[in-house]
Amino acid sequence: MSDVDPSEVIARARSFADTGLAPRAAEFDRDERLPADVVRTMAAEGFLGAAIPARWGGLGLDPLAYGELTEVIGKACASTRALLTVHTSIVAGTLVDLASKRLKEKYLPALARGERIACFALSEENAGSDAAAVTTTYTRKGDTFVLNGRKKWISFAGIADLFLVVASDHGTTSAFIVERDAPGVDTRPMSGFLGNRATHIAEVAFADVEVPAENLVAGVGAGFGFVVNTALLHGRYSIAWAGVALAQAALEEMCSYATRREQFGVKIGTQQLVQKMVADAVTNVAAARELCRRAGRFLAPRTADAAMETNIAKYFSSTIAQRATSDAVQVLGGNGCWSGFPAERLFREAKILEVIEGTSQLQQVMIADFGYKKYARKN
């Protein structure tokens, strides 16, 4: 049980977001890198271990408090929020749920303190949504596994110390923790992305990389059914809150602009068509935040419906984030299309959310299947 006061953590996060992130987010985006001082502060404040239980050195926030923290950081800087998503939600969260005690002792305390940064090496050139189609291979060799292959579009691979790698042995998918300094690991930075530009995205190559057998996560064959699904559950919950964050930021941008900008002698905020966009954003942000909270309440005891409630929250919040940020660009007009205002960056960042951790189309398929099973009359 953690004795950390969540409200105090959120207050510190808000202060850091307002003074250390929001004023610099455009700089991070332009430079395509998250400065080391930002990562150090996230670690020193305990944010990188926010959702990790206290017994492993984290703050032990419950899903609702962690979601609020994600929104606060994400509203200020999407790339910094992505560090929470990848390092804390996806990798650390998966290790908490599935790793052996030995593996937890080996890595979780350092991840909680932010002394080591982790990333999720799943995607490949021809394996994205179809995660089971990975071609990176592993073979057993005595007390080790040997990995060969190449991963692509891996957020924070450029600075990560640990990689949670998904690989296959003739169709049997497993997952491993691979250390960056293991012989045969090579990373190559990638550039030119629509959003998440400061997340140190890179390709990762594995050439006869020997991994200790104890670094196998959840057993041979657990890579897709357990590790990937668990990682994506944590990732989608974080992305759902990221959508709320971007939509809230867009709402504040459009309201601030509409109440100052005059055209034809009146404030544009008095125009009914502008008011419609603002009203839709106000309503959708509130609805998305409540869906995220609902998912958080299912996640806390990890009920059977937690995954679907998280899918629903992720689908809705990423969709309304795209709409709200698009409307913010529309309200700001020419200024909305210029990097001198945040609206264009928010618009780019929101589109990313409809793609990562399962596209909106995949979410729709899963939600529709859930709907047929739950709501179709049996007679």
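Which residues does the UniProt annotation "domain: Acyl-CoA dehydrogenase/oxidase N-terminal" cover? In this unreviewed entry, the annotation covers residues 9-115. You are looking at a predicted model, where local features need pLDDT of at least 70, side-chain atom pairs count only at pLDDT 80 or more, and totals for chains, interfaces and linings use all residues. Residues are numbered from 1 along each chain as its sequence is written, and side-chain values use heavy atoms, with hydrogens and water left out.

**Domains and annotations**

- The domain assignment, with bounds from an automatic or database source, gives domain 1 (6-116), domain 2 (120-217) and domain 3 (226-374).
- UniProt positions are given here in the numbering of this model, with feature names shortened, and annotations may be inferred rather than shown by experiment.
- Residues 9-115 are 72% helix and 0% strand, where helices (H or I, at least four residues) and strands (E, at least two) are DSSP runs numbered from the N terminus.
- UniProt also lists "domain: Acyl-CoA oxidase/dehydrogenase middle" (unreviewed entry) for residues 119-209, and over this stretch the chain is 0% helix and 53% strand, with its end C-alpha atoms 17 Å apart.
- Residues 222-369 carry the UniProt label "domain: Acyl-CoA dehydrogenase/oxidase C-terminal" (unreviewed entry); they are 76% helix and 3% strand, and their end C-alpha atoms are 24 Å apart.

**Where domain 2 meets domain 3**

- The C-alpha centres of domain 2 and domain 3 lie 30 Å apart.
- Twelve residues of domain 2 are in contact (heavy atoms within 4.5 Å) with ten residues of domain 3.
- The two domains bury about 900 Å² between them, 73% of it on carbon and sulfur atoms; buried area is the accessible area (1.4 Å probe) that two parts lose on being put together, summed over both.
- There are zero salt bridges between domain 2 and domain 3.

**Salt bridges**

- A salt bridge here is a side-chain nitrogen of Lys or Arg within 4 Å of a carboxyl oxygen of Asp or Glu, and the count comes to 26.
- One of them joins aspartate 280 and arginine 323, whose closest N and O atoms are 2.6 Å apart.
- Aspartate 280 sits in helix α8 (residues 272-299) and arginine 323 in helix α9 (residues 306-332), so this pair ties together parts that are 43 residues apart in sequence.
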